[in-house]
Amino acid sequence: MTTPSALERPTGVPLTRRLTARLVLLPAIVIALLPPRRIRAVLGVLRRGAAPATAEQARSARDAMCAASLRCAGPKGCLPRSLGAALLCRLGGTWPTWCTGVRVVPPFTAHAWIEADGAPVGEGVPEGYFARLMAVGPPPRPTGR
């Protein structure tokens, strides 16, 4: 999967946050090796009990992944970056919407990203630039009677 352009490494991410991002990078890479249906199943289990992530929480997690790993910050790091950001949010008790899809304008490319509050986080592209093929959002909130 690819991104439309190379990313800049964020600065100002605290050391503890970068170290935590490094910790979730290995599981993110392992999950990225799974077939799509297995990725969806694993993320479906991991999101249980989490609250929806805010845009700021999701942005912070994404920035931490890019600061901790050149692979995640690079143009071909979208899958481990998005999975790692989702896992990092989960460690904080929240869950963004993890998405995978394609770019809608030529040339065709696949991409993975996270969303919060209904919008892609940190992608720098206009709305509708990507078409979702799969998404794992926050768990539904129980309804009271």
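I looked up R103 and found it in strand β3, residues 97-103. The model is predicted, and I keep that in mind for each entry.

R103 is buried and has no salt bridge. The nearest side chain of opposite charge is E123, 10 Å away. What does the side chain of R103 contact instead? I found a polar contact of 3.2 Å between the side chains of R103 and Y129.

R62 sits in helix α3, which covers residues 55-68. Is R62 buried or exposed? Its relative accessibility is 6%, so R62 counts as buried; the cut-off for buried is under 20%. The side chain of R62 reaches the backbone oxygen of G122 at 3.2 Å.

Back to β3, I looked for its partner strand. β3 pairs with β4 in the antiparallel sense, over six bridges. One bridge I noted links W98 to I114 in β4. The two strands, β3 and β4, form a hairpin, with six residues between them.

I followed β4 itself, residues 110-116. Six of its seven residues are buried, so I wrote it down as mostly covered.

Which strand pairs with β4 over two bridges? I found β5, residues 119-120, again in the antiparallel sense. E115 has P120 in β5 as its bridge partner. The hairpin of β4 and β5 has two residues between the strands. In this hairpin I noted D117, which takes a positive phi near 55°.

Terms used. Residues are numbered from 1 along each chain as its sequence is written. This is a predicted model: local features need pLDDT of at least 70, side-chain atom pairs count only at pLDDT 80 or more; totals for chains, interfaces and linings use all residues. Side-chain values use heavy atoms; hydrogens and water are left out. Helices (H or I, at least four residues) and strands (E, at least two) are DSSP runs, numbered from the N terminus. Buried means under 20% relative accessible area, exposed over 50%, partly exposed in between (1.4 Å probe, protein chains only). Lys and Arg count as positive and Asp and Glu as negative; His and the chain ends are not counted. A salt bridge is a side-chain nitrogen of Lys or Arg within 4 Å of a carboxyl oxygen of Asp or Glu. A polar contact is a pair of N or O atoms within 3.5 Å; within protein, one must be able to donate a hydrogen and the other to accept it, and residues adjacent in sequence count only if both atoms are side-chain atoms. Two strands pair if DSSP finds at least two bridges between them.
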